[in-house]
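User: Hi! I am new to reading protein models. Could you walk me through this one with some questions and answers?

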Amino acid sequence: MKYRAIVIGASAGGMHVVSRILAHLPADFKLPVIIVQHLHKTQDGYLIEFYNSNTILPVREAEDKLDIQPSHIYIAPPDYHLLIEQDETLSLSRDEKVNYSRPSIDVLFESAADVYGSELIGVILTGANNDGSHGLKCIMEHGGLTLVQDPETAQFPEMPRSAREYVTVDHVLDVDALGKFLMTVGTALPIVTVEKQAQAGGKGNGKA
Amino acid sequence: MRMKKNELEDIELPLLLDAVFQRYGYDFRNYAKATMLRRVRQFVDKTGYKHISDLIPKILRDPSFFQALVADFSITVTEMFRDPPFYKAIREQVVSLLKTYPFIKIWHAGCATGEEVYAMAILLKEEGLYERSTIFATDINDNALTKAKEGVFSLEHIREYTENYQESAGCHSFSEYYHADQKNMIVNSSLKKNITFANHNLVSDQVFGEMHLILCRNVIIYFNKDLQNRVLQLFHDSLIRGGFLCLGSKETLRFSLIHDQYRTIDGKNKIYQKRVRLKDRQGKQAT
C-alpha cells in the first residue's frame with residue numbers, strides 16, 4: 001500500500017458529507033482517518049456518536065498522546081488544534097486560532113505532511129472559508145495525494161474552491177466518488193513498508 | 001545531495017533549542033514537537049528570517065530577541081472563566097472541602113496573563129474563602145506576568161467573559177468585579193490583595209510547598225510524556241494529602257506515574273484529589 005494515513009477537513013455542511021464518506025469504508029479498511037470538522041465548541045460528543053452510528057469502523061475523539069491505530073477514525077475535539085507527532089501519536093494544542101478556527105484544518109494537514117510525507121492523502125470538503133488550502137499545499141509539496149470535493153456538489157463551495165485555486169489537486173470528485181476512491185485505496189493491498197524514494201522531489205502521481 | 005525542508009528542520013530545531021538551553025537555561029527540549037515546530041516556523045516568518053537555523057546566531061547574542069521567542073513559546077491565549085463547567089464543578093465539589101481549612105494555599109501554575117487567576121479570586125470571594133486564601137500565580141513568561149499583575153484586559157471579550165461567569169454559576173453581577181474605561185476592563189484591586197505573581201519554570205524549578213489546590217490547565221498538553229511525568233511529580237510533591245489537582249479538559253492523570261495516588265473528583269472537568277493515605281510505590285521511577 002502506498003499510503004499510511006488519510007486526513008480530512010470539513011467545515012459548514014460537513015457533518016453529513018463526512019458521514020457519507022465514512023459509510024463507504026469497509027471493516028477491512030486499513031488506514032487511520034484523522035478528521036477536523038469545524039464545530040461550535042459546545043457541541044462536544046454528539047458528532048462522535050453521529051459518525052459512529054454511520055460507519056463500521058471505530059470513531060473516537062482524538063486524545064493527546066494517543067497512538068494512531070490503523071482502521072480507526074479520529075475526530076479533533078472542539079476548541080483544540082489537532083496535530084500529528086513524529087512518533088505517530090496525536091497531539092492537542094490550544095494555541096491561537098488559525099483562519100478564525102480551532103481546530104484548524106491547516107494545522108492538522110501541515111503536521112501530518114511533516115510526518116507522513118508522500119504517504120498521506122488529504123481531503124478538503126464543503127466549507128464557507130479557506131481553511132485547509134495551505135495545509136493541502138503542504139501535502140502536495142511533500143508528494144502526498146490531494147483530493148477535493150467538487151465545489152459544484154458542495155453545500156458551501158468556498159472551501160473546496162479555494163483549495164482548488166491554491167493547489168494543483170490530484171482529483172476533484174463528488175462525495176460518493178470520494179468515498180469509493182478512499183475505500184479502494186485503503187483496502188487495496190496488504191500493508192508493505194514503502195521504500196524511501198531515492199529521487200528528491202519525486203511527486204506522487206496519485207495512482208493507487 | 002538534496003535534503004527535504006522538513007528533514008533539515010529535524011536537525012535545525014534541536015540545535016536551536018539546545019542553543020536556547022545552553023545560553024539562557026530555558027529548557028524547551030522536552031516540549032511536544034509538532035506544536036513547537038509550528039511556533040518556531042511562525043517566529044521565523046514573523047521575524048523575516050528564512051530558516052530555523054538562521055535564528056541561532058541572533059538568539060545567542062541578543063537577549064531581547066530571545067525574550068521575544070519565549071513570549072511566542074509560552075501560551076498566553078486565555079480568558080476569564082474559561083471552561084465555565086470547570087468553575088461550576090469547583091464550586092459544587094471542592095469548595096465545601098476547602099472550607100474545612102483555616103487557611104488555603106493555591107498554586108496556579110502557567111497562569112499566562114492572569115485572566116483565570118482573577119476568575120478564581122472572584123469565585124473564592126463569592127464562596128467566602130478569599131480572605132483566608134493565598135494564590136501563587138506563576139509563569140515562565142515575564143511579559144505575561146507583568147500584564148497579569150496589572151489586571152487590565154481588553155473590553156473586546158467582555159461579553160464572552162460575562163457569559164462564562166454566568167455559566168460558571170456566578171451568583172452576582174460580573175460587572176461588580178471591574179470598572180471600565182474606553183477600551184479596557186480594570187479588575188478591582190481588592191481581588192489582587194491575596195495574589196502573588198512570580199516567575200517559575202515548571203521544567204527546571206522546584207517544589208512549591210504545602211498547597212491545598214493546584215491548577216495547571218492546558219500547560220502539560222505542550223510537554224512530551226517524560227516532561228509531563230516530571231511536572232506531575234512536582235505537583236504531587238507540592239500538594240498536601242487530600243489536596244486538589246486540576247488539569248485542562250483534555251489532560252489526564254490516567255497514564256501518569258502518580259495516577260494511583262489520586263481519586264477522581266470530576267472526570268470530565270479533570271479535578272483530582274491526592275489520597276490521604278498514599279499507596280506504596282512499586283517500581284518508582286528515577287526521573
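User: What is the bridge partner of B:Tyr262 in β10(B)?

Analyst: Strands of a sheet pair through backbone hydrogen bonds, either parallel or antiparallel. Across from B:Tyr262, the bridge partner is B:Lys274.

User: Over which residues of chain B is the pLDDT below 50?

Analyst: pLDDT is the predictor's confidence in each residue, from 0 to 100. Chain B averages 92, and 97% of its residues score at least 70. Where pLDDT is low, the predicted coordinates should not be read in detail. The pLDDT falls below 50 over residues 283-287.

User: How are residues and chains labelled, and which pLDDT do side-chain atom pairs need to count?

Analyst: Residues are numbered from 1 along each chain as its sequence is written, while chains are lettered from A and ligands numbered from 1 in the order in which they are written. Side-chain values use heavy atoms, leaving out hydrogens and water; local features need pLDDT of at least 70, totals for chains, interfaces and linings use all residues, and side-chain atom pairs count only at pLDDT 80 or more.

User: Which cysteine has the nearest sulfur to that of B:Cys111?

Analyst: A disulfide is a pair of cysteine sulfur atoms within 2.5 Å, and the structure holds zero of them over all chains. B:Cys111 is buried, at 3% relative accessibility (buried means under 20% relative accessible area, exposed over 50%, partly exposed in between, with a 1.4 Å probe and protein chains only). Its nearest cysteine sulfur is 10 Å away, in B:Cys216.

User: What is the order of the strands in the open sheet of chain A?

Analyst: This sheet has seven strands with parallel pairing. Its edge strands, each pairing on one side only, are β3 (59-61) and β9 (171-173) of chain A. Inside chain A, β7 (residues 120-124) and β8 (residues 145-149) are joined by four bridges.

Notes:
Contact = heavy atoms within 4.5 Å. Pairing = 2+ DSSP bridges. Helix = DSSP H or I, 4+ residues; strand = E, 2+ residues; numbered from the N terminus.
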